[in-house]
Amino acid sequence: RAEQPLALESGESLSDVTLAYRTWGRLNDTGDNVVLICHALTGSADADVWWPGLIAEGGALDPSRDFIVCSNVIAGCYGSSGPYTKIDGDHRQRYGLRFPQVSVRDMVAAQRLLLESLGVRRINLVLGPSLGGMQTLEWAATYPEWVQAIAPIGTSARHSAWCIGISEAQRAALAADPNWQQGCYSDDRRPEQGLAAARMMAMVSYRSFDNFEQRFARRMQDDETFSIQSYLRYKGEKLVGRFDAASYFRLTQAMDTHDVGRGRDGTANALRRIQCPALVVSVSSDVLYPPVEQRFIAEHLPHATFRQLDSEHGHDGFLIDTDELATMLKHFRTGGLAQLSSYAV
């Protein structure tokens with residue numbers, strides 16, 4: 001829990017900021033053997049659960065060598081300050097959309113407070129997929145003296161009109177739920193239908209045409225239901241059981257405001273100022289953040305290499321084809337990290 005209020009980009013501030021986090025390994029005496037993992041939209045501090053295979057002895061992220069940290073972002077609902085937090089003095093109500101809007105930069109500022117409290121002096125590697133990749137870029141742009149290397153994965157330097165449109169459709173589904181009530185609700189009247197619908201929309205953008213055709217085609221689950229319908233309904237219901245609708249609303253808003261070049265003379269110029277080595281990874285079948293967006297990042301970072309994860313799974317490929325991704329990360333850390341010239345595009 002932070003001792004000082006956190007000033008937000010919006011001009012508001014958050015008091016008593018709490019971040020839920022997990023660590024693996026031990027911090028060394030110089031406080032610089034740190035790997036910071038940043039999670040995606042509905043992720044948590046449990047990186048070993050949602051990103052299996054990345055954290056392993058002898059692996060890409062090695063607890064015998066690295067002090068690995070992953071925190072739940074502010075505005076999340078897995079223990080960090082956010083819309084799911086209960087309002088002081090009222091044990092029935094949660095903040096909901098009374099919780100202020102936050103940005104990706106605000107998330108990074110809160111993470112810095114956490115790392116300082118842990119005794120961290122410098123970060124060896126910041127990495128993350130999707131929203132986590134946005135945080136990764138913001139770390140390098142905002143606190144360059146802290147960051148030795150980055151690995152943004154399946155992300156963009158600024159949120160596209162395509163992504164903003166998809167996010168707005170999902171927020172409209174939330175707002176259409178009869179239990180929404182301007183985003184303020186009690187635990188016994190949650191907007192479950194709206195959150196399930198939003199998740200179903202998201203899942204379509206997280207996968208690919210080929211993936212859905214191969215897995216489902218026009219097969220029927222029963223006499224009235226296509227298999228793909230059953231799958232999407234299951235995914236919607238599963239998220240309802242573990243996530244908060246107002247957190248979903250606020251986090252998608254934060255992603256929509258993402259632009260590493262905001263206030264920094266444009267996106268390209270902001271990327272050019274990032275001097276640390278970077279591994280930029282795309283997923284070949286990603287329709288949400290297509291490879292052209294990662295190529296843009298790699299082309300403008302001075303010391304970057306671009307790698308493509310060949311996957312039929314769409315945007316979620318970084319969660320599924322983790323063996324190949326781990327190999328890329330391990331090679332980056334053991335081979336090219338020490339020589340900036342080998343990472344010129």
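The points below go through the sheet, the helices packed on it, the nonpolar cores and the aromatic rings of this structure.

1. Basis of the note. This is a predicted model, in which local features need pLDDT of at least 70 and side-chain atom pairs count only at pLDDT 80 or more, while totals for chains, interfaces and linings use all residues. Residues are numbered from 1 along each chain as its sequence is written, and side-chain values use heavy atoms, with hydrogens and water left out.

2. The sheet. Seven strands form an open sheet with mixed pairing, in the order β3-β5-β4-β6-β7-β8-β9. The edges are taken by β3 (21–24) and β9 (304–309), each of which has a single partner strand, so one side of each is left without a neighbour in the sheet. From one strand to the next the twist averages 15°. Strands here (E, at least two residues) and helices (H or I, at least four residues) are DSSP runs numbered from the N terminus, and two strands pair if DSSP finds at least two bridges between them.

3. Strand β4 and its partners. Strand β4 (residues 34–37) runs parallel to β6 (residues 123–129), to which four bridges join it; V34 stands opposite I123, and V35 stands opposite L125. β4 also pairs with β5 in the parallel sense over four bridges, with V69 of β5 as the bridge partner of L36. V34 and L36 on one side of β4, and V35 and I37 on the other, are all buried, a word that means under 20% relative accessible area, with exposed being over 50% and partly exposed in between (1.4 Å probe, protein chains only).

4. Strand β7. β6 pairs with β7 in the parallel sense, again over four bridges, and P129 has I153 in β7 as its bridge partner. I150 and P152 point one way from β7 (residues 150–153), whereas A151 and I153 point the other way, and all are buried.

5. Helices on the sheet. Helix α2 (residues 104–117) lies across β3, β4, β5 (67–71) and β6, and runs at about 140° to β5. Helix α10 (residues 291–300) lies across β8 (278–283) and β9, at about 170° to β8. These angles run from 0 to 180 degrees between N-to-C directions, the axes being lines fitted to C-alpha atoms, for helices over the stretch in contact.

6. Nonpolar cores. A core is a set of buried Ala, Val, Leu, Ile, Met, Phe, Trp, Tyr and Cys residues joined through side-chain atoms within 4.5 Å. The largest has 79 residues, and those with the most contacts inside it are I123, W139, I150, Y248 and L301. A second, separate core of 27 residues includes I37, L127, F318 and F332. Leaving aside neighbours within four places in sequence, W139 is in contact (heavy atoms within 4.5 Å) with residues including L36, R112, I123 and W146.

7. Aromatic rings. Rings of Phe, Tyr and Trp (its six-membered ring) pair if their centres lie within 6.5 Å, and planes under 30 degrees apart count as stacked, over 60 as edge-to-face and the rest as tilted. The count comes to 10 aromatic pairs. W50 and W51 are stacked, at 5.3 Å centre to centre and 15° between the planes; W50 is buried at 17% relative accessible area, and W51 is buried at 1%. The ring centres of Y95 and F99 are 6.4 Å apart with the planes at 75°, so that pair is edge-to-face; Y95 is partly exposed at 27%, whereas F99 is buried at 4%.
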